[in-house]
Amino acid sequence: MVTKTEETQLNRLENQVDNGGGGAWEYLCLVKKLKVRRPDKVLRHGLSILNDPKKRSALGPDVWTLYEQVSIAAMDCQCLDVAKDCIKVLQKQFPESKRVGRLEGILLEAKGLWAEAEKAYSSLLEDNPLDPVLHKRRVAIAKAQGNFPTAIEWLNKYLETFMADHDAWRELAEIYVSLQMYKQAAFCYEELILSQPTVPLYHLAYADVLYTLGGVENILLAKKYYASAIDLTGGKNTKALFGICLCSSAIAQLTKGRNKEDKESPELQSLAAAALEKDYKQRAPAKLLLLTSALKSLKTS
Amino acid sequence: MAEDLVLDTAIRDWVLIPLSVVMVLIGILRYFVSKLMRSSQVPDPKIVKEGQVIVRARNLRAGANFISPKSFRARRVYFCNEENGLLHVPKGQAQNAQAQMFSDPNMAMDMMKKNLSMIIPQTLTFAWVNFFFSGFVAAKIPFPLTQRFRSMLQNGIDLSTVDVSYVSSRSWYFLNLFGLRGLFSLILGEENATDDTQRMMQMSGFGFDPSKSLGAEKDSLDIIQHEWALPKFEQRAETVLKDLVG
């Protein structure tokens, strides 16, 4: 996750470079370090550096990393000719290189030639079976083809070895959710919460999955996670506030017949409703009426 | 006893500076040679997996209070199960691995190469310093020292009445050895093979890491008591919202 200071620095550099000031190289380095996805800007500024032989030689050995970065950005923007040229330059400089082989595989993927790309990755994987990027690209091919079961299988096999890779867990969770396999998705989100307990995003997603699974215990659990999301974001997360209201009304509905009452936080729902109304008054006053009627129907149902 | 010796400036020009320059140059040379000689290491899948297992177990310990008791228990069993738990290392295997490490030709070669590239230049330089630059006072240390350092710092000087602050060039060599590390990281970038002191510390503390740390993680996981932190969050959310609304 990118921190606040890094984000402001990135935006500042971006503005500076876009408006004609210098600093394109620092911007590209920062983008690379933070692993953010800005293909159009990287492509534009990277090409401006690469096409100028003076600036190219000023970079020294870093120019090859820049070629790699620009080729990936070009493939992201579907400028496949630019990408092919960059890869050709890299191939001339580094024949028989694993990194260049990887780029060729990605180019095949970008062109949509899934079978060839898969063959390329399998042969690369034979030589170095422990390269995480190659495994992930294979999963990406399966996902792009819409072949979710294969993607899940490969991702699981990858996670058996590299089980501390939280990006992979996140990807797996999203695939499971899209396939409505909520129990497995819940497991993946638990892994994410374990590795990064202070990121409210994962609490929220986990709560959503639990609420969708249904059942009193799950909804009680979901309510707790919505509450933790509110705590982590200082009450500003609208989705969590709505989640609390929905959970409370669902719990009330499900336990109507029984006497088991949730005595832990009786005021939470009314507080959440009040916070929502305040938020809507500030930001979307036109929809306030809609909100109040929806909340009223939740309370009475 | 406390008279001040006046040291010839020629000593500075012909001993201290050339010695430093030579050590810097040898360091740079060693860096490039080690870069050339470095063979690409193929990581062993088992070791990678073990490393990742340890990280995941550590995460489980750290975040245990954020997931429900049921899921925590399920995960704990998964890790610590006697038969096929991830962290369980059968006793026979643990001994084996250490023996295997020392007999593995690749790793032994690697270790030898690294040691050689460190030991040989040091020995040569030390011998050269001793041969050329011994028998005279090279420098004065600005702070006073006790008599115990005399044998260490003054070995070429055979006068026992000279103040211990006056040292021979051998101590200048040692000073440079440990002090030029900072300079090297400036000129050679972060990773350089001249980090002798770090390597020496690593060598002395050589244990076989993976199986011991797996056992350690297993024990710590077994000990942990699960304290379900989420109910507290509901109350905290209430207070947050109260501040926001009220």
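## Salt bridges across the interface

A salt bridge is a side-chain nitrogen of Lys or Arg within 4 Å of a carboxyl oxygen of Asp or Glu. By that rule, four salt bridges cross the interface of chain A and chain B. This is a predicted model: local features need pLDDT of at least 70, side-chain atom pairs count only at pLDDT 80 or more, and totals for chains, interfaces and linings use all residues. Residues are numbered from 1 along each chain as its sequence is written, chains are lettered from A in the order in which they are written, and side-chain values use heavy atoms, with hydrogens and water left out.

One bridge joins Asp231(A) to Arg236(B), with the closest N and O atoms 2.9 Å apart. Asp231(A) sits in helix α14 of chain A, and Arg236(B) in helix α10 (residues 230-245) of chain B. Helices (H or I, at least four residues) and strands (E, at least two) are DSSP runs, numbered from the N terminus. Asp231(A) is buried, at 15% relative accessible area. Arg236(B) is partly exposed, at 44%. Here buried means under 20% relative accessible area, exposed over 50%, and partly exposed in between (1.4 Å probe, protein chains only).

Shared partners link Glu190(A), Glu191(A), Arg56(B) and Arg75(B) into one network of salt bridges. Within it, Glu191(A) pairs with Arg56(B), the closest N and O atoms being 2.6 Å apart.

## The contact between the chains

The size of an interface is often given as the accessible area lost when the parts come together. Chain A and chain B bury about 3,200 Å² between them (accessible area, 1.4 Å probe, lost on being put together and summed over both). Carbon and sulfur atoms hold 68% of that area. In chain A, Met163(A), Leu194(A) and Asp231(A) lose the most area to chain B, together 21% of what that side buries.

The contact (heavy atoms within 4.5 Å) takes 37 residues from chain A and 33 residues from chain B. Nine residue pairs are in polar contact between the chains, both residues at pLDDT 80 or more. A polar contact is a pair of N or O atoms within 3.5 Å; within protein, one must be able to donate a hydrogen and the other to accept it, and residues adjacent in sequence count only if both atoms are side-chain atoms. Four helices of chain A, α10 (148-161), α12 (182-195), α14 (216-233) and α16 (268-283), each supply at least two residues to the side that touches chain B. Helix α14(A) gives the most, with eight residues.

## Salt bridges within chain A

Over all chains, the structure holds 15 salt bridges. Lys41(A) and Glu14(A) form one of them, at 3.9 Å from N to O. Lys41(A) lies in helix α3 (residues 39-50) and Glu14(A) in helix α1 (residues 4-18), so the pair ties together parts that are 27 residues apart in sequence. Lys41(A) counts as buried at 16% relative accessibility, and Glu14(A) counts as buried at 13%.

Lys143(A) and Glu171(A) form another, with the closest N and O atoms 2.5 Å apart. The pair links helix α9 (residues 132-144) to helix α11 (residues 166-178), 28 residues apart. Lys143(A) is partly exposed at 31%, as is Glu171(A) at 26%.

## Chain B

Chain B has ten helices and two strands. From the N terminus on, its elements run α-α-α-α-α-β-α-β-α-α-α-α. Of its 246 residues, 34% count as buried.

Key
Buried area is the accessible area (1.4 Å probe) that two parts lose on being put together, summed over both.
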